[in-house]
Number of protein chains: 4
Amino acid sequence: MTASRKEIKVGILGATGTVGQRFIELLSTHPYFKIHALGASSRSAGKRYAEVTKWKLATTIPKDVAEMVIQECKPDAPGFAECGVVFSGLDHDVAGEIEVAFRAAELVVFSNAKNYRRDPIVPLMVPLVNPHHLPVVRHQQSLLGLKKGYLVTNANCSTTGLVVPLAALEKAFGPIKTVLVTTLQAISGAGYPGVSSLDILDNVVPHIGGEEEKIEWETAKILGDVLPDSTGYEYHAHTPMTISATTTRVPVIDGHTASVSVQFVRSPAPSVEQVKQALRDFTCEAQTLGVPSAPAQAIVLHEAPDRPQPRLDRDLHNGACVSVGRVRECPVLDIKFICLVDNVRLGAATSSVMNAEIAVEKGYIA
Amino acid sequence: MTASRKEIKVGILGATGTVGQRFIELLSTHPYFKIHALGASSRSAGKRYAEVTKWKLATTIPKDVAEMVIQECKPDAPGFAECGVVFSGLDHDVAGEIEVAFRAAELVVFSNAKNYRRDPIVPLMVPLVNPHHLPVVRHQQSLLGLKKGYLVTNANCSTTGLVVPLAALEKAFGPIKTVLVTTLQAISGAGYPGVSSLDILDNVVPHIGGEEEKIEWETAKILGDVLPDSTGYEYHAHTPMTISATTTRVPVIDGHTASVSVQFVRSPAPSVEQVKQALRDFTCEAQTLGVPSAPAQAIVLHEAPDRPQPRLDRDLHNGACVSVGRVRECPVLDIKFICLVDNVRLGAATSSVMNAEIAVEKGYIA
Amino acid sequence: MTASRKEIKVGILGATGTVGQRFIELLSTHPYFKIHALGASSRSAGKRYAEVTKWKLATTIPKDVAEMVIQECKPDAPGFAECGVVFSGLDHDVAGEIEVAFRAAELVVFSNAKNYRRDPIVPLMVPLVNPHHLPVVRHQQSLLGLKKGYLVTNANCSTTGLVVPLAALEKAFGPIKTVLVTTLQAISGAGYPGVSSLDILDNVVPHIGGEEEKIEWETAKILGDVLPDSTGYEYHAHTPMTISATTTRVPVIDGHTASVSVQFVRSPAPSVEQVKQALRDFTCEAQTLGVPSAPAQAIVLHEAPDRPQPRLDRDLHNGACVSVGRVRECPVLDIKFICLVDNVRLGAATSSVMNAEIAVEKGYIA
Amino acid sequence: MTASRKEIKVGILGATGTVGQRFIELLSTHPYFKIHALGASSRSAGKRYAEVTKWKLATTIPKDVAEMVIQECKPDAPGFAECGVVFSGLDHDVAGEIEVAFRAAELVVFSNAKNYRRDPIVPLMVPLVNPHHLPVVRHQQSLLGLKKGYLVTNANCSTTGLVVPLAALEKAFGPIKTVLVTTLQAISGAGYPGVSSLDILDNVVPHIGGEEEKIEWETAKILGDVLPDSTGYEYHAHTPMTISATTTRVPVIDGHTASVSVQFVRSPAPSVEQVKQALRDFTCEAQTLGVPSAPAQAIVLHEAPDRPQPRLDRDLHNGACVSVGRVRECPVLDIKFICLVDNVRLGAATSSVMNAEIAVEKGYIA
């Protein structure tokens, strides 16, 4: 239960960027996380948040945040020492050094950056899928000689939308053998300024640098197991899961759509009806724990033949769920479907926040 | 050689619609086809073309066509009797009866409508792929007791973009066993008014009614063989080819993109380099015959990692070729790639016109 | 005060259309209006709302509404007799007869349709501007021999965005002499299916049928006075106000933007600073009355040089305010600015609802 | 007559940028200008054009240009010395120094950059409007002690679309007193990467930095006269012309639309019919001279109520004309209309090329 939790101060790194703005939007009304410190580049440090931020959300900057003074992204900058959690929306080109500096200063970091996702002692955690990987942080602390500090990352936005239905299917029907996925990704996935309008208006760009590799190996880590002593990962090694991803960019603002075909290890494969039922029935630990950002439904199953659609469905459950539709037989593999994730919420900031809530609930944050 | 061909009068059915407009645009500068008769609904009949047509192309109505008087779509309406070819851009709801009426009147009909594509005595002909199916029309005439009249259809726009590279691969490497394809289709594929802007701006619609089935069975007919006596089809029956298609609509004006994975019957499969070379080397009969609308290259192979793109590549070779890019290994099947077809040209009117040119060249049009 | 109001049952005509859907979205959480009857075409009548409605909003159909049975748009159809207010989102081609039939049956109708806007005994009411026109309904009742029934319309969506700042300026600085306005209107203003995507992707359509005339005369009625005995209107007749409107359609989903230049009767004209202050200070009767749908601010004045923008600012105050920005001197007239209204909320359903709330508050609804 | 002109070698500065790409596209098929030298930043110098250029046009790089080696933008870099004309598509941040260096080296520079547009000895020349300003270059040479070198600029893209119809109206009806214009400008006007897709998808940005000022003063210079001895300009000083411009960005790829109202000095003003006739009849000196890039019609007058539209009309006459439509009375000023210019062709590279052709024809290029 979260009702009676006492306030936990939080810091935000990369607070002026697009992911940072989402953190602020989410956290400004959070029941117990309280925005206490904002970090950005030295160019912005010392200035009022509203003064230096090109706010790109269709809401206004929360009033108290607007007046906060930005700090440099250093653990000893005013405010961070008091934070129970630090959220990182930093770009990968600076996240590497800053995040480990904060961890070394015994701070707990939940990061949206890609830098440490492959690190065998860092959980790559999708809150609707693998909170049971969290104990790896104890091994992380032990190896690094830390008492309180650790680092947890969330997954790439397109991986997140994929692994939730895959996890639901593996839970119900056992291991999946192969996955073929083609994504249609929103422009917001590239940040700001990100995709030039000349590249995407009236167009599709059938390539997103590094994205296909991320989907392929992140999925294996997330759906894999941790070693019995929580000292690291088994990368879905117990099954011969193979993933083939093609990623494309389309003129959509928010919401990554994916066309997915899967083949199960078990034969015969489950029927379309069984698959639908499993998706409908899927409940995840974030829901059981009752953390504040958990969606009422982790997966929304659509029956209309032309859903999910990013513009109409990305806001369901405040962007914290995954939509699945068009579940049908695949003539080549077993089952195919369309899935949709709000890439700027569950695919980014919402995952970090929910991961931190789970850590609070499980006693990993003092 | 076409240089010295004498003029052949042609009629256009459905001349005021979007496909009809493309026929007019293409034929108004054709070296030997000469627009002679325009057919449309009885509501438009008797009026000047420019008066009743909501012209939707970024060109102007050719001057002489603007002044032509529209006829009803009846074989005995003025003008059609003199036509060596009649092109049909009719909607499927009226194409069924009108096209057979024209054929029964001993007219040669090349149709873009879907009505007779499954008919075992009607060639479903993609000009860059299967002109060798044309002899089936002799069987068609024989069965129907016709001397000159017959009917040939071209394929669905998204099928067309897919079968050209598949044909090139089968030519080089033997039969393909399975194909998994996800399309990202342009709005112009739905005609006018077609897709509501409220449905597609900032959105993806992951469903196009009937389209997936069309891709699946049309491909089998086009890549299949005709019986030794040309009396019908073998639907790719000599191999266990299986196709799984997912079709989506994206906010692109013209140009259907597809993400394709294929598995060959032969093992080991050809390498990425071999596949690229086969695509580069592919030459089709339309090119060998030298018909006027044949593209200089049937397949344009792109090496840039982010191509083909619909806005930048749909105009290559006047929209009469297929672009292929991102050829790479598929971890699940053998090879994957992106292909692109201009759905309103090679995917529609250009195919009909090139099919008719091939028929002229092969002596099927008197 | 509205806190203790008792429930008022309401009906919605044209409930399955796009304006009807907005009425349902707004009213399903209303503090005292309670959706009681849904009217649509005879084709839909007798069926469940969720069964026949192509819901086009990025929310889900409210659960209790989903199960309601649709009625024909007849005053004696079940449910309407008990309604204190009937909201009409009907298309103008049917609104004419249906709305007067409901009024004749002693029902109070608040309509978004254009049919009776010019009627001299029907208030054309923008809730943030002219609630003082409401007494004209007493004259309407008297002329028609009605005791309870009357009809009130709201304005065209683009007019609504314009008259709010004009009213604020006239309130502060006296009559305006001339207005030159060019609008950039969203596609949702045309309903569904409305604008074809082929007409508007990568395009501007510089014409919206009848829209310019509506802006020109509606503004004169709304900013005009009612006669001293409330028996009709003076169409801004006390000043020589002249309006020149050019209306265009742009590829924006929701939110009409306008570029406006005005000239005051008084000379010298107010300064840019005075105009900004007047816009900031503007308070309307809907706010004073404290009706539930009144925005906290009627006009949001933007200081950033590139605001307001439809995508970022249309949601301010739940779409119930008008945004104004770029206030500066006009070298030709006196002052120019950009304004923005959410055409589907304040420009449509929200205005009808707020008008009805004002009528409740002023005792015009029993 | 241009048929027998002998080849003139030309250089292109800023050859890898978006304007430079347009220069290459236009000049690669020019009857007598022959691309001889390509200049770009020192980062690109020494490399093959195709190797370093992110080509953004829907055509392919002309084959011989693809293989050319890029030079630094220095007059003594190989190739420039032999050029009869140097076209500049440089960004304004570097154009200032480079262009005067080329002029100082006795080269003739036609520039699309804004740096020297206000210079009183540099013609600001729209080829369809004021080729009679060209003699000012003799004064420029005399002041700077040059024999062959001089500099001519063309106008801002949105100014260009406006001044052509204004010039036609002034030619027919005498001076214009006031102009009120609101533009809806394409994203390509901002170059590449230019406008972020996050800023413009489903949006309007009602501000383009510096653009309104450019329209206001450039128009006065272009429509003004040169002094009798061609030593400088009279900035439309003979009439009290006042312009008020509001500029907005819309999600259109190419083609700037403008909503324009004008008031004439003369009273009564010409009628709508007279204005239409004057626009239809307008012929410019570029046409009389018969230069290769001159459009068959300088102004295309549209009678359809919903034209011109950027997507459908920007390609008319290869983008070298201005489209005008919706000519009607303005209740506030005299006449209003919609105009459209292809900002990347007549609004940019085509103007520079046509200006140079005029200079050739008039004997200003040896």
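Biologist: Which residues does the UniProt annotation "active site" cover?

Modeller: The unreviewed UniProt entry places this annotation on Cys157(A) and His256(A). Although the two are spread over 100 residues of sequence, they cluster in space, with a largest C-alpha distance of 7.9 Å. Some care is needed, because UniProt positions are given in the numbering used here, feature names are shortened, and annotations may be inferred rather than shown by experiment. The structure itself is a predicted model, in which local features need pLDDT of at least 70 and side-chain atom pairs count only at pLDDT 80 or more, while totals for chains, interfaces and linings use all residues. Residues are numbered from 1 along each chain as its sequence is written, chains are lettered from A and ligands numbered from 1 in the order in which they are written, and side-chain values use heavy atoms, leaving out hydrogens and water.

Biologist: In which helix does Cys157(A) have its place, and why is it called a helix?

Modeller: Cys157(A) belongs to helix α6 of chain A, residues 157–173. The name is given because helices are DSSP runs of H or I with at least four residues, just as strands are runs of E with at least two, both numbered from the N terminus.

Biologist: How much area do domain 1 and domain 2 of chain A bury between them, and what makes it count as buried?

Modeller: Buried area is the accessible area (1.4 Å probe) that two parts lose on being put together, summed over both. For these two domains of chain A the value is about 2,900 Å², with 63% of it on carbon and sulfur atoms. On the side of domain 1 of chain A, the residues that lose the most area to domain 2 are Arg118(A), Leu128(A) and Asn156(A), together 26% of what that side buries.

Biologist: What makes the meeting of Glu218(A) and Arg117(A) a salt bridge?

Modeller: The term requires a side-chain nitrogen of Lys or Arg within 4 Å of a carboxyl oxygen of Asp or Glu. Across the interface of domain 1 and domain 2 of chain A, the rule finds two salt bridges.

Biologist: Which pair gives an example of a salt bridge between chain B and chain A, and how many are counted there?

Modeller: One example is Arg314(A) with Asp202(B), at 2.8 Å, N to O, and the count between chain B and chain A is eight salt bridges. The largest share of the side of chain B that touches chain A, seven residues, comes from β10(B). That side of chain B divides into 22 nonpolar, 13 polar and 12 charged residues, where Ala, Val, Leu, Ile, Met, Phe, Trp, Tyr, Cys and Pro count as nonpolar, Asp, Glu, Lys and Arg as charged, and the others, Gly among them, as polar. Chain B and chain A each give 47 residues to the contact, and together they bury about 3,500 Å², 58% of it on carbon and sulfur atoms.

Biologist: How many salt bridges are counted between chain C and chain A, and how much area do these chains bury?

Modeller: The count is zero salt bridges, yet chain C and chain A bury about 1,100 Å² between them, 53% of it on carbon and sulfur atoms. Ala58(C), Arg311(C) and Leu312(C) supply 41% of the area that chain C buries against chain A, more than any other three residues. In this contact, 14 residues of chain C meet 14 residues of chain A.

Biologist: What kind of peptide bond joins Tyr192(B) and Pro193(B)?

Modeller: Tyr192(B) and Pro193(B) are joined by a cis peptide bond, with omega about 0°, and Pro193(B) is found in the loop between β7 and α7 of chain B. In chain C, a cis peptide bond joins Tyr192(C) and Pro193(C), where omega is also about 0°.

Notes. Contact means heavy atoms within 4.5 Å.
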